[in-house]
Amino acid sequence: MTTLAFLNGVDPWIFAFSFVTVAATLGMGFWSASRSKTASDFFVAGRSVSVGWNASAISGEYLSAASFMGVAGMVMSSGYDALWYPVCYACGYLFLLLFIAGPLRRFGAYTIPDFAEGRFDSPVFRKIAVCFVLFIGFFYTMPQMKGAGVTLAYIFPGIPYWAGVVLVGAVITLNVALGGMKGITLVQAFQYWMKMFAISVPVFVLMAVFGFYNGQVGANAAPGEAAAPAGQVQRQPLVAKAPKDSIWVAPFGPLTTKAVNAAAAALPAEQRAAYLAEHQRPYSLLYTYSLIIALVCGTAGLPHILVRFYTNPNGVAAKRTTMWVMILIGIFYVFPPIFGVLGRNLMPELYSGVGAKGTDKVVLELPTLVAAKFGVLGSILSGITCAGAFAAFMSTFSGLLVSMTGALAHDVYGRMIRPQSNQRERMVAFKFAAVLIGGVAIGLGCFVEPLEINFMVGQAFAIAAASYFPLLFMSVWWRGMTMKGAAAGMLTGGLCALVAAALTNLGTLALDKGPMGKIFSSFAPLNGFWAQHPLLRILCEQPAIWTVPLAIGLMVVVSKATASAVPADIRMKMLVLHAPEDLGLKQEYIQEHTAGAGH
Amino acid sequence: MPTPPSPHDEVHSEEFLRLLMRRQLKLSVACAAAFLVVLFGLPVANYLAPQLMATRVAGFTLSWLILGVLFFPAVWGISWFFIRRSIALEQDEVKSVKR
């Protein structure tokens, strides 16, 4: 039975739960796709989706591998500073609610490129907007692929990381190409409750067995304490690679001080202490602020999430939905950090692992500890978290793949390359584009094993924060905005963030001790440069603090310079964005528009 | 004696749009300010008063308790307040036009 050798060491419970999740997701996708044949079917049905269903669906699409596995892994590896990620992932929706959700729904375009074109009457601008769907999408798919690779390598201990990426990527790509999983509300809503169940139940069982959240945090000595307060929590001894208690549990820890520590290590030994005392905390504060800006503004600019707001019946429902999303994902995000804290106390050997064997798999691995006391229950719990992980990267990867494929097939092929193509040719183009984008995502996913899942998703947020967020925020609230201003700000800000993120990743990959280090060795001098200039390293790793103001500033300056190009019917557009639907301005606007401009 | 402007014209007037946007924006900015004070204030508190923020509260450090647990309900509160006020504003606007 050599062909089944990869099944050695596979736990039947874990395998069964994961398999059922994959089968159920694929089955539900095809079932609901067959019930709504055309895009307009979907949209018309979608317009009447209730607040509760829509909020569950948005949450289901939003909670990706980064939320399910990455946050726990990063809290385990970096401690307090990593808590900013779940908090801002959830609270970033407040900005969306305050400034964007209601007006965007009233304007009635279906996608962000549609909005970009409608607000500025400019097909050129649509093309720029489409490019950023792809940029943000690829940065977002890489961590999903790593989640897939880590999970498969955990379920089948015999197979390498890249095989998991290729297998899962191929299954989802094929599924999207064949027409399943079109982002149907029911499937996404189901995925949310599945993930909520899969993260909360194991946490409660683990806490009941090993001690509660507060006790587990309390077992780590804070700075100024000689030892942790005495408690009932039993800890495993930390390994050498684990950060010490005082820097782990306190702010400005390993995550935000990496650049300064690297710079200090390059100095002569006698200067290090003075250098660290002077620079460590201020730079760390800067890093924290830049991270917060990226995550909060980025949440308000994610294309695959914004699209969902059009399924609300009106602007008021859009606002209510946003609030329920914040509650649903806020409750969810309390749990992953608990996994991280428990992992530090109970499974410190993960600190020594790298790539797929490192802290990113703590959510999957931790429940097996229950097996020592309660036998098969541990396997069942681990099976549940594996199923949740599958739900997480499958739903987000499919959602991203659909929106990116749609952009490529609908906007690039259907509007730019061959506008005269017929329905059948466009269907073929959609399938071809799905395979192309899925293939690129799988290829990129194979390279990112040494990078943290959560960190990569943060980069996608940083790009969205410097491109879509300024575009939406400014075009909703400032009538003086012109197409040239919007394009200049969005392109410059977004591309700066993109280049900064790419450079950071290349530098980190060059440090890897495995095969990736060899492939990317030509980027090693970058790390030497950053050791000399830790401030530049921080501004590259977390670019939002300068790219977001840069984008907004450029939008204002260029718009002022081209003020004559403000759309002629700007007052009407602004009324449609801001006036309550009850006044019936939307219909009026459409009539005027079709009669006047011949659109 | 000039006739009063019809509701239709009032909606399309410059004043109405200005009023509409200013009232909604004022509410949004007020809520955002409350949020940003907490969001940007916490790192400052961590920076300036590390000993205070490391105080133990039921096992958590104070800073961990705020960021890991209490932050979420605070933001729900702000969004609940915003939605109530914003819907009331919209009803107000509709009423003032249709009167």
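**View 1. Y89(A) and the residues around it.** Y89(A) is found in helix 5 of chain A, where helices (H or I, at least four residues) and strands (E, at least two) are DSSP runs numbered from the N terminus. This is a predicted model, in which local features need pLDDT of at least 70 and side-chain atom pairs count only at pLDDT 80 or more, while totals for chains, interfaces and linings use all residues. Residues are numbered from 1 along each chain as its sequence is written, and chains are lettered from A and ligands numbered from 1 in the order in which they are written. Y89(A) is buried, with 27 other C-beta atoms within 10 Å; a residue is buried if 20 or more other C-beta atoms lie within 10 Å of its own, exposed if 12 or fewer, and partly exposed in between, with C-beta atoms placed from the backbone. Leaving aside residues up to four places away in sequence, Y89(A) touches S67(A), L295(A), T299(A) and Y333(A), a contact being two residues whose C-beta atoms, placed from the backbone, lie within 7 Å. Although Y89(A) and C297(A) are 208 residues apart along the chain, their C-alpha atoms are separated by 9.9 Å.

**View 2. The largest nonpolar core and helix 18 of chain A.** A nonpolar core is a set of buried Ala, Val, Leu, Ile, Met, Phe, Trp, Tyr and Cys residues joined through C-beta atoms within 7 Å. The largest one has 216 residues, of which L94(A), C297(A), A389(A), I463(A) and A465(A) touch the most other members. Helix 18 of chain A (residues 376-417) gives the most to this core, with 19 residues. Because 33 of its 42 residues are buried, helix 18 of chain A is largely enclosed by the rest of the structure. The partners of A465(A), not counting residues up to four places away in sequence, are I293(A), A294(A), C297(A), G298(A), G301(A), A544(A) and V548(A).

**View 3. Helix 3 of chain A and its cover.** Nine of the twelve residues of helix 3 of chain A are buried, so that this helix is mostly covered. Among the buried residues are N54(A), S56(A), E61(A) and Y62(A), and what covers the buried residues of the helix includes helix 9 (185-210), helix 14 (303-306), helix 15 and helix 18 of chain A.

**View 4. Helix 21 and helix 23 of chain A where they cross.** The axes of helix 21 (residues 483-511) and helix 23 (residues 524-532) of chain A come within 8 Å and cross at roughly 105 degrees; axes are lines fitted to C-alpha atoms, for helices over the stretch in contact, and angles run from 0 to 180 degrees between N-to-C directions. Helix 21 and helix 23 of chain A are therefore roughly perpendicular to each other, a term for angles of 65 to 115 degrees, whereas those under 35 count as roughly parallel, over 145 as roughly antiparallel and the rest as oblique. In this contact L503(A), L506(A), G507(A), A510(A) and L511(A) of helix 21 meet A524(A), L526(A), N527(A) and W530(A) of helix 23.

**View 5. Chain A against chain B.** The contact takes 44 residues from chain A and 42 residues from chain B. Helix 15 of chain A gives the most to the side of chain A that touches chain B, with nine residues. Chain B has four helices and two strands, which run α-α-α-β-β-α from the N terminus on, and 31% of its 99 residues count as buried.
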